[in-house]
Amino acid sequence: MAVLPIRIMGDPVLHAPASPVEEITDDVRQLVNDMFETMDAAPGVGLAAPQVGVGLRIYTYNYSDDDGQPWRGVIINPELWMHPIEPGEPDPDEESEGCLSFPGERFPLRRSERALVTGIDLDGAPVRVEVDGWRARIMQHEFDHLDGVLYIDRLDDGDWKIVQKIARKRGWGRPGQAWMPGVDDIDA
C-alpha cells in the first residue's frame, strides 16, 4: 500500500465526471487499498478516486460517531438518493465541512439530512448504505467528487469569493497542484 498525493482544486480530474468501474481488477483493489492509506494519513473521513488523480467512480469513507463505533467502507459505482434539502442558511457551527482537495479551510454548506447510497464493494457484492447526519454529509460530499463537483462549487457568492482569494494566495486553481499527506505541512 502507498500514500498517494491528493489533487488540489484546479486539477482537471477533479472537475470532470468520473468513469464507471467496468471490472474489479487487481489494479482497482490496489487503488482502494492506497486510497484507505491516503485517507488515514491525511486524515480524512472520505476520499474519492479523482482526488488521487484517478477518474473512476470509487470512494472510501471512515467515520466514528460519538459512540466510537467505526464506520468504514468503499463504494464502487455508487448511486445516490437524498431527501430534499431543508431551506435556509447553513449553520456555520453545525454544517461546515472541509475537503482534502481544498485543504485547511471549512465553509458552511447545507446538505440533505438523509441519504441512501447503493453500489458494489471490492468483491462485487451489492452495497446499500442508508444514513443521516454527518454520515449522509460524507456520502453526498464524496459522491459529488465523482461528478466533478467540489463542495466549494456549491457555496454562496460571498464564500465563493473568499475561496477564490484563498486559491489565488496559495497558487491553487490550476492543473498539477497536489499535496502529500504525512509530508506536506497542510492543515487538512
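The following dialogue examines how terms are applied to this predicted model.

Colleague: Why is Arg-135 called buried?

Modeller: Buried means under 20% relative accessible area, exposed over 50% and partly exposed in between, with a 1.4 Å probe and protein chains only. Arg-135 has a relative accessible area of 18%, so Arg-135 is buried. Arg-135 lies in helix H2 (residues 133-146); helices (H or I, at least four residues) and strands (E, at least two) are DSSP runs, numbered from the N terminus.

Colleague: Which residues are in contact with Arg-135, leaving aside its neighbours within four places in sequence?

Modeller: They are Tyr-63, Asp-65, Gln-69 and Trp-71, where contact means heavy atoms within 4.5 Å.

Colleague: What makes the pair of Tyr-61 and Trp-71 tilted?

Modeller: Rings of Phe, Tyr and Trp (its six-membered ring) pair if their centres lie within 6.5 Å; planes under 30 degrees apart count as stacked, over 60 as edge-to-face and the rest as tilted. The structure holds two aromatic pairs. For Tyr-61 and Trp-71 the centres are 4.4 Å apart and the planes are at 40°, so this pair is tilted. Tyr-61 belongs to strand E3 (residues 58-64) and Trp-71 to strand E4 (residues 70-82), ten residues apart. Tyr-61, at 6% relative accessibility, counts as buried, and so does Trp-71, at 12%.

Colleague: How is the pair of Phe-102 and Trp-172 classed, and on what values?

Modeller: The pair is edge-to-face, with 5.2 Å centre to centre and 75° between the planes. Phe-102 is in strand E6 (residues 102-108), whereas Trp-172 is in the loop between helix H3 (157-170) and strand E9 (178-179), 70 residues apart. Phe-102 counts as buried at 1% relative accessibility, and Trp-172 is buried with a relative accessible area of 12%.

Colleague: What else is recorded for Phe-102?

Modeller: Phe-102 is among the residues with the most contacts inside the largest nonpolar core, together with Met-9, Ile-58 and Ile-152; this core has 36 residues. A nonpolar core is a set of buried Ala, Val, Leu, Ile, Met, Phe, Trp, Tyr and Cys residues joined through side-chain atoms within 4.5 Å. Helix H1 (26-41), E4, E6 and H3 each give two or more residues to this core, and H1 gives the most, with six residues.

Colleague: What makes H2 mostly covered?

Modeller: Twelve of its 14 residues are buried, including Arg-135, Met-139 and Phe-143.

Colleague: Where does the charged end of Arg-57 sit, and on what criterion?

Modeller: The charged end of Arg-57 sits over the ring of Phe-143, 5.5 Å from its centre. A charge sits over a ring if NZ of Lys or CZ of Arg is within 6 Å of the ring centre and within 35 degrees of the ring normal. The charged end of Arg-137 likewise sits over the ring of Trp-134, 4.9 Å from its centre.

Terms used
Residues are numbered from 1 along each chain as its sequence is written. This is a predicted model: local features need pLDDT of at least 70, side-chain atom pairs count only at pLDDT 80 or more; totals for chains, interfaces and linings use all residues. Side-chain values use heavy atoms; hydrogens and water are left out.
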